[in-house]
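Subject: A structure for you, with notes

Hello,

Here is the structure I promised to pass on. Please open it first, and then read the notes below alongside it.

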Amino acid sequence: MLISWLVYRYIAQPAWLERLPAIVAELFFLVEAASVITLAILAGVILWQQRGQTRQLSVLTVEEMHALSPTAFEKYVAGLFRKKGYRVRHRGRRGDRGVDLELTHPGGRKAIVQCKRYLRPIGPDIVRELFGTLVHERVHHAFLVTTAEISTAAREWAAYKPLTLIDGKTLVQIAAALQKKR
């Protein structure tokens, strides 16, 4: 809308604008200038935030990841998925129904991520719950990302299902590989 107005005003140069009183013409100019400055600031903030999301990727140890708050851990994992090329939407909060992150693959397929900052090994009950969430959310794939180990029983239950289980050691390796890719 603003661009259309600026094109009309400065390229078409309508005659009726020339007949406006000086104070009204000055008011038009001030509104235009304020709009352009506001858009420039918003664009700068958006670019700064995106730059910060991709730049803050660092390789944390399992212990450092476990020391993060739940939200900080989810944001760390979100940054890793962004580096892998996914579009990420953070949903993690109370009542998130087991979905901390929503992913959109560059090809358009949807996936979900559940993040768990645990010390004790992940059992099959958590994996079954994630599979139920995958069905409920009607997505193509689900990821379980945890700081803990994943039990053999959990891995066996997830076999041949559209689930990817990522334990703490693997998460460190993924972050290191993405760091090298930079």
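How many bridges join strand β1 to strand β2, and in which sense do the two strands run? Strand β1 (residues 87-90) and strand β2 (residues 101-104) are antiparallel and joined by four bridges; helices (H or I, at least four residues) and strands (E, at least two) are DSSP runs, numbered from the N terminus. Across this pair, R87 stands opposite T104 in β2.

Before going further, a word on the basis of all this. This is a predicted model, in which local features need pLDDT of at least 70 and side-chain atom pairs count only at pLDDT 80 or more, while totals for chains, interfaces and linings use all residues. Residues are numbered from 1 along each chain as its sequence is written, and side-chain values use heavy atoms, with hydrogens and water left out.

On confidence, the protein averages a pLDDT of 87 (the predictor's confidence in each residue, from 0 to 100), and 92% of the residues score at least 70.

Five strands form an open, mixed sheet in the order β1-β2-β3-β4-β5, where two strands pair if DSSP finds at least two bridges between them. β1 and β5 stand at the edges with a single partner strand each, so one side of each has no neighbour in the sheet. From one strand to the next, the twist averages 20 degrees; axes are lines fitted to C-alpha atoms, for helices over the stretch in contact, and angles run from 0 to 180 degrees between N-to-C directions.

β2 also pairs with strand β3 (residues 110-116), antiparallel and over four bridges, with L103 opposite A111 in β3. Their hairpin has five residues between the strands, and G108 takes a positive phi near 100 degrees there. β3 runs parallel to strand β4 (residues 141-146), joined by six bridges, and I112 stands opposite A142 in β4.

Two helices pack on this sheet. Helix α6 (residues 124-137) touches β3, β4 and β5 (contact means heavy atoms within 4.5 Å), and its direction makes about 150 degrees with that of β3. α8 touches β4 and β5, at about 90 degrees to the direction of β5.

Finally, the axes of helix α5 (residues 70-83) and helix α8 (residues 168-181) come within 10 Å and cross at roughly 50 degrees. F73, Y76, V77, L80 and K83 of α5 meet L171, A175 and L178 of α8.

Happy browsing!
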